[in-house]
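Reader: I am new to this one. Please show me the sequence and the structure, and then let me ask about them.

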Amino acid sequence: MKDKKIVLFDGVCNFCNFWVRFIFKHNKNNEIYFLPLQDARAKELLPKNIFNGQLQSVVFYRKGTVFTHSTAALQIGRELNFLYRLFSNIALIIPKKIRDAIYNFIAKKRYAWFGKSDTCPTPSPQLRNQFL
């Protein structure tokens, strides 16, 4: 698992699940895998200072390097097709403090705006192959 590119996400968040499907659709080489933060393996994969039980961020794990918050989202974008890669490269120029302020605002409102499930939804058969 440590040699893979993995998106760790809030499995009960409807907004997060939308983005998992989006990434899957634009992940042409199937190099990105997915793992809900609720899975015990997520805790094993991430450093203790990152996984504190109250993590309010998507995490992108790329072959040993861990990205969180807006940087994670933009690093994921760099793995997708040309337009998303271009947008992500440009957005990374914006200071992290500003990017994370916007990211954290959305993260705090995501359940109110998009809802939440009682359990992690079952992925489609095609997407299931990308889940760890």
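Reader: Which side chain meets Glu79 in a salt bridge?

Author: In this predicted model, residues are numbered from 1 along each chain as its sequence is written, local features need pLDDT of at least 70, side-chain atom pairs count only at pLDDT 80 or more, and totals for chains, interfaces and linings use all residues. Side-chain values use heavy atoms, with hydrogens and water left out. A salt bridge here is a side-chain nitrogen of Lys or Arg within 4 Å of a carboxyl oxygen of Asp or Glu. At 2.9 Å, N to O, the partner of Glu79 is Arg62.

Reader: How many residues apart in sequence are the parts that this pair ties together?

Author: Helices (H or I, at least four residues) and strands (E, at least two) are DSSP runs, numbered from the N terminus. Glu79 sits in the loop between helix H3 (69-77) and helix H4 (82-91), and Arg62 in strand S3 (residues 59-62), so the parts tied together are apart in sequence by 17 residues.

Reader: Is Lys5 buried or exposed?

Author: Lys5 forms a salt bridge with Glu31, with the closest N and O atoms 3.1 Å apart. The two belong to distant parts of the chain: Glu31 is in the loop between helix H1 (14-26) and strand S2 (32-36), and Lys5 is in strand S1 (residues 5-9). Buried means under 20% relative accessible area, exposed over 50%, and partly exposed in between (1.4 Å probe, protein chains only). Glu31, at 39%, is partly exposed. With 12% relative accessibility, Lys5 counts as buried.

Reader: Which residues are linked with Lys5 in a network of salt bridges?

Author: The count of salt bridges comes to six. Among them is Asp39 with Arg41, the closest N and O atoms being 3.0 Å apart. The network linked with Lys5 holds Glu31, Arg62 and Glu79.
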